[in-house]
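Have the sequence and the model open while you read.

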Amino acid sequence: MFENQCTLPLSSELFAQATHPHEPLIAVGLSGGHVETFRLPAVAGTSSDDEEGDVSILSTGTSTINTEWRTRRHKGSCRTLAYSGDGEVLYSAGTDGLLKAASASTGQVVAKILTPLDPSTNSPDAPTLLHCLTPQTLLLATDSAALHVFDLRTSSSFGSGKPSQTHHPHEDYISSLTPLPPTKESTSGFSKQWVTTGGSTLAVTDLRRGVLVKSEDQEEELLSSVFVGGLPSKPGRSKGEKVLVGSSNGVLTLWERGVWDDQDERIIVDGGRGGGESLDSIVVMPEGVGDGRKNVVVGVGDGTIRIVRLGPNKIIGEPLQHDEIEAVVALDFDVGGRLISGGGSIVKVWQEKMSLEEDEEADEEVATSKRPLDSSDSDDSDDVDSDSSEDERGGRKQRKKRRRAKSKGNSGNGILKFKGLE
């Protein structure tokens, strides 16, 4: 269903990934504290002129991926990223205890605050997740299992670093956060509730009423989640809206919206003796991509990507290989319907496989339009951000990873070279 279009090497391990809501942009947050934004080429595959800055050539030799900007954003690792709903602001949070808001187009910091301390140690509470719930509401989850709500309408909230609300839906750190679409009765059109996973439980929190419900102990670690609507409804049993949750043992569980005490279906994505590989990330395949059915894409701890068809609840196609060692910790679809996978020190861009006729036409285009590229390299620069900082300090809460006993390698049609990252 998908084939690897290109591979983007990173300067250090990927901790966070975000795609722009309206433009073909990918932002990455790295273990070294850097934040970098890439612009993908046009989906149609048309040739683009060379531009100044860091440039890499796709495997077709006709298009480029530009580094829009790159900066050392945090002294420790950059743990999480989130675009605002309009795509104008990119938020980042790191182990240095800072939450920063930057212009998505230039990378320049426009605001920053100290995140709340861990009350048990009175030290910085490392972030795990950021999410822009509405234009007025920013959610921040931390290692201490706190979930802070910032009201962006009032400077007294975000400017002072004091959240308007703080909840503790789980006893362990929050591993995923999925907003629930607004109901038909909603007048704002924005989500007011969200699902979180933490440890072995699932919880639902309301913006006004706080934590509404918490599931039973699932006796397995819950790592990732996504909302899926438009499924077949069953009168009296299902409204066709479910939250899918990826676990640490290779099982995808389905939760009916409004019935949060326990799961109602299970799909084995990765089996094996003693349990399968962890399901670290999950994303819904958008309409117009794939075969037109309800599919989700799952990132697995062994470095593979699996596609699950809902309804029959089965794996379709062969696994895609992101990496042979590192887990796939991030999955997104960009505005052009391309699958973006992240994990280890690489990001991969996948496109739908072309039919035989389209493939022959593309080969003819490449033969007529391919031209050589200047191979000179220049050193990478972090001059974009005026608040670049010293060497990394502070650590990251280590999470269990399952690795294969294989030599590390990359698959795909080609690996991109970036200036200064060889």
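Searching the whole structure turns up 15 salt bridges, where a salt bridge is a side-chain nitrogen of Lys or Arg within 4 Å of a carboxyl oxygen of Asp or Glu. This is a predicted model, so local features need pLDDT of at least 70, side-chain atom pairs count only at pLDDT 80 or more, and totals for chains, interfaces and linings use all residues. Residues are numbered from 1 along each chain as its sequence is written, and side-chain values use heavy atoms, with hydrogens and water left out.

**Salt bridges**

- Glu36 and Arg70 pair up through their side chains, at 3.2 Å from N to O. The two sit 34 residues apart and link distant parts of the chain, with Glu36 in strand β4 (residues 34-39) and Arg70 in strand β6 (residues 64-72); strands (E, at least two residues) are DSSP runs, numbered from the N terminus.
- Asp302 bridges to Arg306, with the closest N and O atoms 3.1 Å apart. Asp302 is buried because its relative accessible area is 3%, and Arg306 is buried at 10%.
- Some bridges share partners, which ties Lys242, Glu256, Asp264 and Glu265 into one network.

**Surface charge**

- Which residues gather in a patch of negative charge on the surface? They are Glu171, Glu216, Asp217, Glu219, Asp261 and Asp262. Patch members have over 30% relative accessible area and no salt bridge, with like charges joined within 9 Å. Areas come from the Shrake-Rupley method with a 1.4 Å probe, and for residues only the protein chains shown count as cover. Asp and Glu count as negative, Lys and Arg as positive, while His and the chain ends are not counted; each charge is placed at NZ of Lys, CZ of Arg, CG of Asp or CD of Glu.
- Asp261 belongs to the loop between β23 (251-256) and β24 (265-268). With a relative accessibility of 43%, Asp261 counts as partly exposed.
- Arg208 sits in the loop between β19 (201-206) and β20 (210-214), and is exposed at 68%. Its C-alpha atom is 7.8 Å from that of Lys192, 16 residues apart along the chain.

- Most residues other than glycine have a negative phi.
- Glu219 isn't a glycine, yet has a positive phi of about 60°. You'll find Glu219 in the loop between β20 and β21 (222-228), exposed at 74% relative accessible area.
- Asn313, also not a glycine, has a positive phi of about 55°. Asn313 lies in the loop between β27 (304-309) and β28 (314-321).

**Cysteines**

- How many disulfides are there? The count is 0, taking a disulfide as a pair of cysteine sulfur atoms within 2.5 Å.
- Cys6 is buried, at 0% relative accessible area, and Cys132 counts as buried at 15%.

Notes
Buried < 20%, exposed > 50% of the residue type's maximum accessible area, 1.4 Å probe, protein only. Patch = residues over 30% accessible without salt bridge, like charges linked within 9 Å, V, L, I, M, F, W, Y side chains within 5 Å. Helix = DSSP H or I, 4+ residues; strand = E, 2+ residues; numbered from the N terminus.
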